[in-house]
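Here are my notes on this one, written as numbered points. Keep the picture open while you read.

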Amino acid sequence: MSKSRLFLLITMVLAAAAARLVPHAPNFTPVASMALFGGACFQDKRMAFGVPVAALLLSDLFLGFHRYLLWVYGCFLLTVCIGFLLKEQRGATRTLGAVVLSTVVFFVVTNFGVWSVGTLYPHTWAGLTECFVLAVPFLANSFLGNLVYAGVLFGGLALAEKTVPALKPATASPTC
């Protein structure tokens, strides 16, 4: 991977992480999109995990840490893996599918985490159901945020590659 391309990818992920620091609707964040983008675009798996995780950690230093951090970071790592599915073959439909899948994974895992280690809901089937039902309004914002930021990241890279052909990947893989 060229240094220019690597610099662009890192800059894009860091810029997305910085977007977490500006006021936004609840759960309308670039978190899943950064992970998808990292998994799809970095050729080296260490970079695919490392750059997005470092960006997330850096933004969390400003936002603060919480008891559900392991659940969130676990989802983030799973989403990088979902991004690997886009590495060789990507298009609008596949990327949309990855956005939907990563949104559902985050919703299920983090809400289960809130229920299992938190004190907001009783540790019963009814409590778990209540936790998921009350989280549904946040699901729409998560999906929309993931969709918008995935569009910005993947679309921005495609535009950069068309504008500056030297930024295209050395391999024949599409866009990233």
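1. Start with the buried residues of α3, which pack against α1 (3-18), α2 and α4. Contact here means heavy atoms within 4.5 Å, and helices are DSSP runs of H or I with at least four residues, numbered from the N terminus.

2. Bear in mind that this is a predicted model: local features need pLDDT of at least 70, side-chain atom pairs count only at pLDDT 80 or more, and totals for chains, interfaces and linings use all residues. Residues are numbered from 1 along each chain as its sequence is written, and side-chain values use heavy atoms, with hydrogens and water left out.

3. Which residues of α3 are buried? They are A48, V51, P52, A55, L56, S59 and D60 (buried means under 20% relative accessible area, exposed over 50%, with a 1.4 Å probe and protein chains only). They sit on the same side of α3 because they cover an arc of only 165° around the axis, taken from the directions from the helix axis to the C-beta atoms.

4. Now look at the face of α3 turned away from that buried side: K45, R46 and L61 are exposed there.

5. As for length, α3 has 19 residues and spans 27 Å from first C-alpha to last. That is close to the 27 Å expected at 1.5 Å a residue, where the expected span is 1.5 Å times one less than the number of residues.

Methods:
Helices (H or I, at least four residues) and strands (E, at least two) are DSSP runs, numbered from the N terminus.
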